[in-house]
Amino acid sequence: MDQADPQWKEEQARADRVTESIKRTIGRLENEIGAVRSEAHEIRKHFWDEVTVNFSTFDDIQETYFSMKQQADLLAERERTERHSAEYVDKLKRLADSPYFGRIDFREQGERKAESIYLGIASYREEGSDEFLVYDWRAPVSSLYYDYPPGPAEYETPSGVVSGELELKRQFIIKGGRIRYMFDTGVTIGDELLQQVLSRTSDSAMRSIVATIQREQNRIIRNDRSRMLIVQGAAGSGKTSAALQRVAYLLYRYRGTLSSDQMVLFSPNPMFNSYVSSVLPELGEANMIQTTFQDYLELRLGKQFRVEDAYDQLEYVLTREGDACYKTRLAAIRFKSSSGYLALIQAYLRSLETSGMMFRPVKFRGRTIVSASAIAEKFYGLDRSIRLANRIELVKEWLLEQVKAFEQAQKSEAWVEEEMQYMNRTDYQRAYAKLRAKRRHLTRATFDDAEAERDLLAEAIVNTELKPVRARIRVLRFVDAKGLYRRLHADPDLAASLAQDAPLPEEWPAIAELTVRMIDEGRLLYEDATPFLYLNERLKGFRVNTNVRHVLIDEVQDYTPFQLEFLKWLFPRARMTALGDMNQSIHAQDSVLEEGDPLTRLYGPEQTEWIRLTRSYRSTREIVEFTRAMIEGGSEIEPFNRSGEKPSVLIVHDKETLHRRIGESLERFMREGYESAAVICRTAAESEEAYAALADKLPVRLVTKHTPQFEKGICVIPAYLAKGVEFDAVLIYNASEDVYARESERRLFYTACTRAMHALHVFAVGRPCRFLAEVPAETYRLEQFV
Ligand SMILES: Nc1ncnc2c1ncn2[C@@H]1O[C@H](COP(=O)(O)OP(=O)(O)OP(=O)(O)O)[C@@H](O)[C@H]1O
């Protein structure tokens, strides 16, 4: 449709009316905010004038308290009103620029006339009017827009299903109040608009997809039945986008009972956090909590061990093939990430209920207050039906009592006498004042009594000195989780006797030896971090977070069954949304998305729902046709109909030519107006090499695991850090057969190539790797440079 069309004119006239109305409301609200702000200012200024302060009697104190509280409440109320109105004004300003993106005409069954419903990022109606000029995209009726082409349609409301006929579906792009594009859609929604949206160059960050959400994505966004929602979707199929829209939807659907700090998104790395952080604010919502699993591990284990991170583990796998322990390490990663190892640890925990617990003695100044064996005796003397963690709690109380008895006995020890001699006057008086406060019956006369005085001071000294002992007991330091984990590896019979259902891998003796060596060096390998933490928490009682109601895990294929089990324990009141693509699992372990389906087992099939996404929106048809040929089952991936140039495979014979050609491609991409390009490398070391070769000719940035911010421009990045993000143009640094030599790197390579939106250049020094050899020749252009 073009601007001369009478319908276009009609729509523009309506858009003008709506924007004018919104602007009027903004003006009115801004005045109101001004008034409330100055009222709050006045309250603050005259706060004490309005408060009667009198502390003479109990009644006066009470009155003072109430009058202060009244003033404070008044102030808080004004501040709240101001904040809410300001937030609403921000939302309205966005609406004034682009009030809506869709219109549906829906005729409800039994009605003669259809109602026109306009959809935008928030609802809007004029004050005093019942008519919604704009409906929030999350309102029940709005789902018609996403779910149906014109024809019979229905939508769910809290009070039941509403059926009828969708007579029109129209899409708009409105900017600055002007309609830029307008389409009526036929069969599927959004194709034309989606074309528009997808063909532009990338911003520095991810955007909301509110105007073009697809039907399958809408199922993810509005799903509020299942405890566990698993989304298995092809690269670029909109998993992350749908997850973020889902957060916005849930905040709307459960407004008043659900807030953004009750939702947590687990991201693959900190840079990804910054990449997605503007989507929710763009929709006028506050961001959920964003974190990484690594952050959590560091927080919990960082004091006890030097914990290897996921990237160092991956770098090891990719670069240290010649290492003496390489095979052992690979076997360790595979086994320790499996459900079999989880079962082994669970069997170990069960066995500890009857025997084998390890404790550390409670000591003070080199003397044992309670020995490890006495603790064990107490522990196993307790009723065996009590859970491990509860028994440990009881032992804790018992130990504190033992320390109390010990404290009494210590008062007459020589060291106490000695300490007393060294006490200066201030310490002395302070100790006395403290004791006096504690024991109100203490009188001056008692203090004069030398014997009593000595006794009291001795008590104070012993008490202070024993504080750290009690603190250690309270944090359960007497439970030797490290020793227990070590023993599982050090005692060859133990693991074998526990692993009855799932046999140990044949490399177990070597794995066990490696783990013991690491623990003795104060180190914990990444594959041991979560299992160790799991054992520790199950023994000591999980520190759970009951506030969180929704946990979203992106790139779930890179999690182990352990980590997922862990998150389930950690957030006992949360629903989980797990999004992933098994073709993008980059670690050496089996992916949870395929290995015996541990994801479904987590909450059981009744509470679990799977949604599959097969359409890829990120890349052009040509790029999808090229990349999908690299993976098994790739033919199921459907490209969205958007064309671009064919990917290029460029073969060079030396690094010098490689760097020159990469430089030329990059210059061309920038000339063509691409805003972001990435030279994707296999490892951190290769990234450094590429960066060193390119940095003096081009404005490139090197991305490392510490890079916090996603920015546009050109970057050099290892493949595993490019997970989840996208670039207008991607250049694979060196896809030669000696670089990507192993079958196990297929998915890493695929992940790297699928980051490209519009252009993909794959370089290879010498013969290209096997993954390229398998791709049909007609899907790419081959260039050779001598
Ligand atoms: N319905 C949609 N409308 C417009 N753009 C979309 C839609 N769905 C996805 N996209 C775009 O496709 C690109 C890929 O989306 P997203 O990153 O969410 O996919 P993903 O499945 O998480 O990808 P990956 O697994 O490869 O990281 C993004 O640019 C996103 O904006």
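**Chat about a predicted protein model**

User: Leaving aside neighbours within four places in sequence, which residues is Ile732 in contact with?

Analyst: Once those neighbours are set aside, Ile732 is in contact with Ile680, Ala752, Cys753, Val762 and Phe763, where contact means that the C-beta atoms of two residues, placed from the backbone, lie within 7 Å. Residues are numbered from 1 along each chain as its sequence is written. This is a predicted model, in which local features need pLDDT of at least 70 and side-chain atom pairs count only at pLDDT 80 or more, while totals for chains, interfaces and linings use all residues.

User: And which residues of the largest nonpolar core touch the most other members?

Analyst: That core holds 186 residues, and those touching the most other members are Val679, Ile680, Val730, Ile732, Ala735, Val762 and Phe763. A nonpolar core is a set of buried Ala, Val, Leu, Ile, Met, Phe, Trp, Tyr and Cys residues joined through C-beta atoms within 7 Å. A residue is buried if 20 or more other C-beta atoms lie within 10 Å of its own, exposed if 12 or fewer, and partly exposed in between, with C-beta atoms placed from the backbone. Helix H6 gives this core its largest share, eight residues, and apart from it lies another core of five residues, including Leu456 and Ile461.

User: OK, the ligand next: which residues come nearest?

Analyst: The ligand has 24 residues around it, of which Thr212, Gly238, Lys239, Thr240 and Ser241 come nearest; a residue is near a molecule if its C-beta atom, placed from the backbone, lies within 6 Å of it. Helix H4 (191-199) and helix H6 (239-253) each supply at least two residues of this shell.

User: How does that shell divide into nonpolar, polar and charged?

Analyst: It has seven nonpolar, 12 polar and five charged residues. Here Ala, Val, Leu, Ile, Met, Phe, Trp, Tyr, Cys and Pro count as nonpolar, Asp, Glu, Lys and Arg as charged, and the others, Gly among them, as polar.

User: Why is S16 largely enclosed?

Analyst: Six of its six residues are buried, so S16 is largely enclosed by the rest of the structure. Arg575, Thr577 and Leu579 point one way, and Met576, Ala578 and Gly580 the other way. S16 (residues 575-580) pairs with S15 (residues 550-554) in the parallel sense over five bridges, with Leu579 as the bridge partner of Asp554. Five bridges also join S8 to S16, where Val231 stands opposite Leu579.

User: What about the seven-strand sheet, which strands stand at its edges?

Analyst: That open sheet has the order S22-S23-S21-S24-S25-S20-S26, again with parallel pairing. S22 (700-702) and S26 (781-784) stand at the edges with a single partner strand each, so one side of each is left without a neighbour in the sheet. The twist averages 20 degrees from one strand to the next. Five bridges join S20 (residues 648-652) to S25 (residues 756-765), and Leu650 stands opposite Phe763.

User: Last one: in which sense do S3 and S4 pair?

Analyst: S3 (residues 124-125) and S4 pair in the antiparallel sense over two bridges, and they form a hairpin with six residues between them, where Gly128 in the turn has a positive phi of about 85 degrees. S2 (residues 115-120) instead pairs with S4 in the parallel sense.

Technical notes. Helix = DSSP H or I, 4+ residues; strand = E, 2+ residues; numbered from the N terminus. Pairing = 2+ DSSP bridges. Axes fitted to C-alpha atoms, helices over the stretch in contact; angles between N-to-C directions.
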